[in-house]
Amino acid sequence: MSDMLVNLLKLPHDPALFQRLSEDGVRIFRALTPDQIAVTEWVRAQFGKQAAGECMAAFARQPVACILAARGRTLLGYACYDVTYRNFFGPTAVLESERGKGIGKALLLTALGSMRDVGYAYAIIGGVGPAAFYEKTVGAVLIPDSTPGVYCDFLQL
C-alpha cells in the first residue's frame, strides 16, 4: 500500500457534515488521557493489536493525538496521528455498521486540522487503503515509490 501526501493549508471546511453528525448524536472530539485503556482495548477488539499499539502511542503525545467519534458513550471510530512516525496520519477506522455516514470524513478532517494547528503544512497518510476516498476528501496525492513504506516490518507475533 502506498503513502499519500496532503496539503494541510488547503483542507476543506465542511460545517454541514459536523452539524448533520451532531443531529445524529455523534460527537467528534479529542480523547483525554484517562480514556487510554478503554479506547485502546476497544481498538484492539475491533481492529487488531497493531492498530491498538499505534493508538497507545497517540496517548503519549501532548495534546493526545487521538480523535474519537462516539454516540453517547459508544465509540464508533477513531483517528490517530504522529504515532508510528511524526507527520503521519493514521491509523483510523470506523465500525462497519457506521460506515457511509460521514464519520470517517469528520475524523479525517479533525485529525488533519489538528496536525495543521500544531504547525505541519503537509501530512503523510501512511499505507493507504481507500486512496480514492483520500483524494476526493482532502486532495491527497500518491507519493511515488512509497510501497511498501514504513509499515512493512511489523512483528507478526
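Me: Two strands count as paired when DSSP finds at least two bridges between them. This model is predicted. Which residue in β6 is the bridge partner of Phe89?

Reply: Strands of a sheet pair through backbone hydrogen bonds, either parallel or antiparallel. Here β5 and β6 pair in the parallel sense, over two bridges. In β6, the partner of Phe89 is Ile125.

Me: In what sense do β4 and β5 pair?

Reply: β4 covers residues 74-81 and β5 covers residues 88-94. The two form a hairpin, with six residues between them. Over four bridges, the sense of the β4 and β5 pairing is antiparallel.

Me: Which residue in the turn of that hairpin has a positive phi?

Reply: The turn lies between β4 and β5.

Me: How many of the seven residues of β5 are buried?

Reply: Buried means under 20% relative accessible area. β5 is largely enclosed by the rest of the structure, because its buried residues number six.

Me: At roughly what angle do the axes of α4 and α5 cross?

Reply: α4 (residues 103-117) and α5 (residues 131-138) have axes that come within 11 Å. The crossing is right-handed. Leu108 and Leu112 are among the α4 residues in the contact, and Phe133 is one of those in α5. The axes cross at roughly 60 degrees.

Me: How many nonpolar residues are in the contact of α4 with α5?

Reply: Lys105 of α4 and Tyr134 of α5 are included in this contact. Its residues also divide into two polar and one charged. The nonpolar residues number six.

Me: How many disulfides does the structure hold?

Reply: A disulfide needs two cysteine sulfurs within 2.5 Å. The sulfur of Cys80 is 3.9 Å from the closest cysteine sulfur, in Cys66, so the gap is too far for a bond. Cys66 is buried at 0% relative accessible area, and Cys80 is also buried at 0%. The number of disulfides is zero.

Note on methods:
Residues numbered from 1 in each chain as written. Predicted model: local features only at pLDDT ≥ 70, side-chain atom pairs only at ≥ 80, totals over all residues. Heavy atoms only, no water. Buried < 20%, exposed > 50% of the residue type's maximum accessible area, 1.4 Å probe, protein only. Axes fitted to C-alpha atoms, helices over the stretch in contact; angles between N-to-C directions. Left-handed = near helix turned anticlockwise from the far one by under 90°. Contact = heavy atoms within 4.5 Å. Nonpolar A, V, L, I, M, F, W, Y, C, P; charged D, E, K, R; others polar.
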